[in-house]
Amino acid sequence: MELTKKDKTIKYVIYCLIILFAGILQNVSGLWFTSGNARCFFLIPVCVLLGINEDEKNAALLGFFGGLIWDAVSSSHMGFNCIFLMLACYISSAFVVFVFRNTFLLGLIEAVVTIAVYVFVYWILFVLIKSSEGAGIALGKFYIPCMLYTMAMTPIIYYILSPVKDRLNKAQQLEK
């Protein structure tokens, strides 16, 4: 059974509001606690976990929206987050559509791998290539702690998003 146009509209508006909230939580200083220098990159697991079990186009659009929010507050590297999150959500969704079944473990693995790839690609492109002096210190003192912090938050984000996704996907509930 398919969702009606009204149900789909409500679903994607709520998804966009969740992504917007995650972007605000991630980028406004003082809204979420930091652990030392580490801050949580909420947008990566939120976009990936919301995009799983969607078709590839919608997942890519959710990732693009999350990246757009992140790029809107970025002082440089405009477009990197849009492109990265769009591709990550597209690939994650394609895995679920064509290869795997949507499970907790798969969602966790996809989000964790995406977080790790993001941190290292960002570090290589925008820190190491720009100036190799101090790049190792930046990786060890900021990027790896941020990566580990975000990875630790991913299961919590999954458990927060799961009931919302289940409630909004009425058609899948009826098929079970």
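1. Buried here means under 20% relative accessible area, exposed over 50%, and partly exposed in between, with a 1.4 Å probe and protein chains only. This is a predicted model, in which local features need pLDDT of at least 70 and side-chain atom pairs count only at pLDDT 80 or more, while totals for chains, interfaces and linings use all residues. Residues are numbered from 1 along each chain as its sequence is written, and side-chain values use heavy atoms, with hydrogens and water left out.

2. By that burial criterion, both Phe80 and Phe126 are buried. Their rings have centres 5.1 Å apart and planes at 80°, so the pair is edge-to-face (rings of Phe, Tyr and Trp, the last by its six-membered ring, pair if their centres lie within 6.5 Å; planes under 30 degrees apart count as stacked, over 60 as edge-to-face and the rest as tilted). Because Phe80 lies in helix 4 (residues 80-99) and Phe126 in helix 5 (residues 104-128), the pair ties together parts that are 46 residues apart in sequence; helices are DSSP runs (H or I, at least four residues), numbered from the N terminus.

3. Phe80 and Phe126 also belong to a cluster linked by ring pairs, whose other members are Phe41, Trp70, Phe84, Tyr118, Tyr122, Phe142 and Tyr143.

4. The structure holds 16 aromatic pairs. In one of them, the rings of Tyr12 and Tyr15 have their centres 5.9 Å apart and their planes at 85°, so this pair too is edge-to-face. Both tyrosines lie in helix 1 (residues 5-27), three residues apart, about one turn of the helix, and Tyr15 counts as buried because its relative accessibility is 0%.

Methods: Helix = DSSP H or I, 4+ residues; strand = E, 2+ residues; numbered from the N terminus.
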